[in-house]
Amino acid sequence: MKKLTLILIAVIISLGAYSQEWQRLLWEGERDFQKIQEAFYNEWDGKILEKGNGYKQFKRWEYKNAPRLINGQIANIASSYSIRKKENARASKSRIQSSGWEALGPYSWQNGTNGYNPGIGRVNSIDIHPTDPDILFVGTAGGGLWKSETGGNSWTTLSEEFPILGVTDFFIDPADPDKMYVLTGDAYGADTYSHGVFKSTDGGVSWANNSNFSPQATDFRRMYRMIVDPNDSDILLIAGTSGIWKSEDGAESWTMVRSGSFTDIEFKPGNSSVVYASTSSSSIFNLSQDGGDTWSNVSTPIQNSGRTAIGVSPDNPAYVYILASSSNSLFGGVYRSTDSGQTFSLQSDSPNIFGYDPEAADDRGQGWYDLAIAVNPDDVDDIYVSGIHIWNSKDGGESWQDGNDYQILNFWVYNPSNTNNYVHADNHTLDFLNGELYAGCDGGIWKSSNLGQSWEDLSEGLNNTQLYRLGLDPNDENVIIAGAQDNGSNIMINGTWTHIFGADGMEALIDHTDGDIVYSTYQFGGLLRYTNRGAGSIEDIAGDLNGTGAWVTPYMLDPMDNNFLYAGYQNVWKYDNSSGVWEEISDFGSSSNITSLKVSSTNPDYMYASTGYSTYSTTDGGENWTNISAGLPSEYLSYITISEENPEKLWVTFSGYNDKNKVYESSNGGNSWTNVSEGLPNLPINCIVHQRNSDDQLYVGTDIGVYQKTNAGDWEPWFDGLPNVIVNELEIHYASKKIVAATYGRGLWSADIITDGSGVLQISADPITVLEGESVTFSASLENELDGYEWSFEGGTPSSSSEASPVVTYLEAGKYDVNLNGATRSEKITVLDLISIESISADFNPVDRRKSVTFSSVYEGNPSSWEWTFEGGTPSTSNDQNPTITYNEHGEFDVTLVLSGDTEDQLLMEDFISVNNVLSISEKSTHVYPSVSQDQLFIKVDAPNTTIKLISMSGEVVKEVIANEDFKMSIGNLSDGVYVLKFINGERINVVRIIKE
């Protein structure tokens, strides 16, 4: 399991420090996507793509932004808010008959057999109610603002109508808890840019931003930190990469009071006239003595700095800490001032506490992404810093050890025998609130009541998971698997979510024939197969694929034959589960990764694949491919879906901001295209699904929710109950008549599919795979009550029925169609050819040593492969039907045969083959000495209590002796022929072949 090992262990040697030019460009508001991309790849040229140095975070940013460019420039998705508000009005007039969208979670997690970094979703900020410690607030990267009134045991959202669901910072007024401020955007991962500060005066019931603070509309900067004057909550300061901004009228108006790039800002405890601000990539510390109106520069000994953070404590207000990352995002040091920021000295800059190693011995780190410091309010020397892990120093950052023990307070890999030690990796905020330490990380919110010695996860009830893909079990509506950013792959079974693998979870699949078999993937094409719905064995099956896949690599099971799996790397690959072999079935001659792949559910010879800008089709299972890009816009193709009735009818969606070029349809396999975008706003379209047995009912997922249309109508918004969130994938569960959406920031959602009165929605069979001679019971999910049932069963007995739930028997192997009132399910039933091994035989048994024997078998059925295993034989395995094997050592040996076809059978014959030593008269060294003249055997015994049996070739024991010493055995009265002498002493057995002539 090579790839799995790399993800879990990631013990890789770094090739040295590198500057983070691409991060600087992002901090400074660069919008030229190619410029940022080239800077990143120039920095990484020749370096190992290792975990923990920012490679993953960039690829996530690249994946999200590349399809959403405007003339090569990065788009600010905050601008979608005005479109959502406009579309809300249109949605309220919709004719859609539906119960609306309902959230499915994940709301909690349990760690599975193969899981190792469970969590819910990224938390950027934490705050607590000033008078009620049970009321907590968290701001999330893509799921909005959440409130708990139970100390973290349950959560409700406060931000459904926010323009974006990224929250970097939050403040609640201690004097007036109904007064709150939210700093929008995602400063750490840049999943969203800021949409300014939103304010509530009614405890979060309603929010408004009526100010002039809109850096998001001009320079795409990130806002890192918001502080509010503890003596006057109308005075606010914000540190961001476009400078320091100040408001003195409760966020109604803003003024830039300091230019530059800032990543943290703090008041001096007990004196809000003194303000501290730290920069990125600079040794300068900024100090204000007048509440932030004017600033002075303070030189520090910081060298080669990256991002920085500030820590203060009321225990000694004159102390100021700076936590710095280095220019390559490793630990850059802790610096301390004891004179209110006038001068600083280095406390320590080693070991590298920003890495993955629990003894800080590696050279990895991502301080630009996860970096925070908290100082104990009761002990100014007791500091806590976080990156990937959380560390503690009791002496103001001079050392990170207590004796020989490293002061690491958590570990990012979940340990079921020490669950109190687990906090998810990548910590973004540390806060002392009411004397307790809180951590916000990529997996949620954690709390420690004993200064980090143990931790409690408070995330249950949050619904902020950033999902990429989902997979449904067509035979069980209560089973869903999904892949999540930062929090791996998770499966829901009857409402309970289990974390089955870590990394970044991507595509997720459930075997449509055997629901116990599930698949999960991780970034760049890692693919894992599990038994027992993720709780059983795990196998990495992507090892033979060449190269790497896209950030989200497309995989798909063959809709008709679960033995086959398809993958999109630079080419399309087909995997045979029975042989474990990947076959490359395309040759596009391109280095671009495939990002969308679809196989027809009615004829798997029809496939469509796209790299985003080049799209291909095959009608013969991959033997020949045709480029079908002509007639499509030059925008990024984001998704493909095929008609559930016609393999030549398909639809494709486009991301980007090219107005009116959103969805295209083809009725002839892509030979020509028709634009069917009418009714969709100028926003990225991320996915599409077609509903079977309908008037071409379609659904698309966009950056602001879901839209739907029928063949005769235009697209209409379908937002009822769904937050303003990016929808990455949609799938339909026909048995339950539900559509399920995977969102990037608000987990899974489901709704009833939209019906048009077509009658039959789903034909069900129990079971759908049988052996020859077995029976199937059919039923149907109906939209309207039918006057009668007109069933027809290809290959079945009876071949037709008018019953509601007919029972049909299938006598011959094959795949058969089922039809009800004109609705056909192609190859719905699979009848397997039963294979049964009756016996194994050999043309000689016993066989002489160094002689060959040919094996055969008696069986029923039509096997397609023979897998023989021969203990002691040469060769030891064979795939021949009748293999010939040589035995070079004497003894008794097992033989195993596995026959495979539609089914499989195995037979093990223990001690089946006897191999004899052959004794000749000239063999003077043998233990048995025949005398031809006397018709005697001289037998030498090397151990007492040895049983000697003389056995004829018919198996009859003609003589048996228990001997303790050498003796003579008379054979004069025996007929001429071949005999076997068997020596038995305890577990030792020796066999010698004798020829009497």
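The exercises below work through a predicted model of one protein.

Residues are numbered from 1 along each chain as its sequence is written, and side-chain values use heavy atoms, with hydrogens and water left out. Because the model is predicted, local features need pLDDT of at least 70 and side-chain atom pairs count only at pLDDT 80 or more, while totals for chains, interfaces and linings use all residues.

**Exercise 1. The whole protein**

Task: Describe the protein by its secondary structure, its extent, its burial and its charges.

Solution. 

Step 1. Take the secondary structure. Helices (H or I, at least four residues) and strands (E, at least two) are DSSP runs, numbered from the N terminus. The protein has five helices and 84 strands.

Step 2. Take the extent. The C-alpha trace spans about 125 × 80 × 50 Å along its principal axes.

Step 3. Take burial. A residue is buried under 20% relative accessible area, exposed over 50% and partly exposed in between (1.4 Å probe, protein chains only). Of the 997 residues, 59% count as buried.

Step 4. Take the contacts, where contact means heavy atoms within 4.5 Å. Among contacts between residues at least 6 apart in sequence, 52% join residues at least 24 apart.

Step 5. Take the charges. Lys and Arg count as positive and Asp and Glu as negative; His and the chain ends are not counted. The place of a charge is NZ of Lys, CZ of Arg, CG of Asp or CD of Glu. There are 61 positive and 134 negative side chains, and the centres of the two sets lie 3 Å apart.

**Exercise 2. The surroundings of Ala484**

Task: Where does Ala484 lie, and with which residues is Ala484 in contact, leaving aside its neighbours within four places in sequence?

Solution. 

Step 1. Ala484 lies in strand β34, residues 476-484.

Step 2. Ala484 has a relative accessible area of 0%, so Ala484 is buried.

Step 3. With neighbours within four places in sequence left aside, the contacts of Ala484 are Thr465, Gln466, Leu467, Tyr468, Asn490, Ala503, Asp504 and Gly505.

Step 4. For a C-alpha distance, take Tyr522: it is 38 residues from Ala484 along the chain, and the two C-alpha atoms are separated by 9.2 Å.

**Exercise 3. Strand β55 and its partners**

Task: With which strands does β55 pair, and in which sense?

Solution. 

Step 1. Two strands pair if DSSP finds at least two bridges between them. Strands of a sheet pair through backbone hydrogen bonds, either parallel or antiparallel.

Step 2. Strand β54 (residues 698-702) is joined to β55 by four bridges, and the two run antiparallel. Val700 stands opposite Tyr707 in β55.

Step 3. β54 and β55 form a hairpin with three residues between them, and Gly705 in the turn has a positive phi of about 140 degrees.

Step 4. β55 also pairs with strand β56 (residues 716-718), in the antiparallel sense and over three bridges. Here Gln708 stands opposite Glu716 in β56, and this hairpin has six residues between its strands.

Step 5. Check the two faces. In a regular strand the side chains alternate between the two faces of the sheet. In β55 (residues 706-709), Val706 and Gln708 are on one side, Tyr707 and Lys709 are on the other, and all are buried.

**Exercise 4. Salt bridges**

Solution. 

Step 1. A salt bridge is a side-chain nitrogen of Lys or Arg within 4 Å of a carboxyl oxygen of Asp or Glu. By this rule the count comes to 29.

Step 2. Asp486 forms a salt bridge with Arg60, with the closest N and O atoms 3.3 Å apart. Asp486 is in the loop between β34 and β35 (488-493) and Arg60 is in helix α4 (residues 55-65), 426 residues apart. Asp486 is buried at 3% relative accessible area, and Arg60 is buried at 1%.

Step 3. Asp186 and Arg122 form a salt bridge with the closest N and O atoms 2.8 Å apart. Asp186 lies in the loop between β10 (180-184) and β11 (197-200) and Arg122 in the loop between β4 (110-111) and β5 (123-128), so the pair ties together parts 64 residues apart in sequence. Asp186 and Arg122 are buried.

Step 4. Asp516 and Arg533 meet in a salt bridge of 3.9 Å, N to O. Asp516 lies in the loop between β37 (505-510) and β38 (518-522) and Arg533 in the loop between β39 (526-530) and β40 (538-540), so this pair ties together parts 17 residues apart in sequence. Asp516 is partly exposed at 36% relative accessibility, and Arg533 is partly exposed at 21%.
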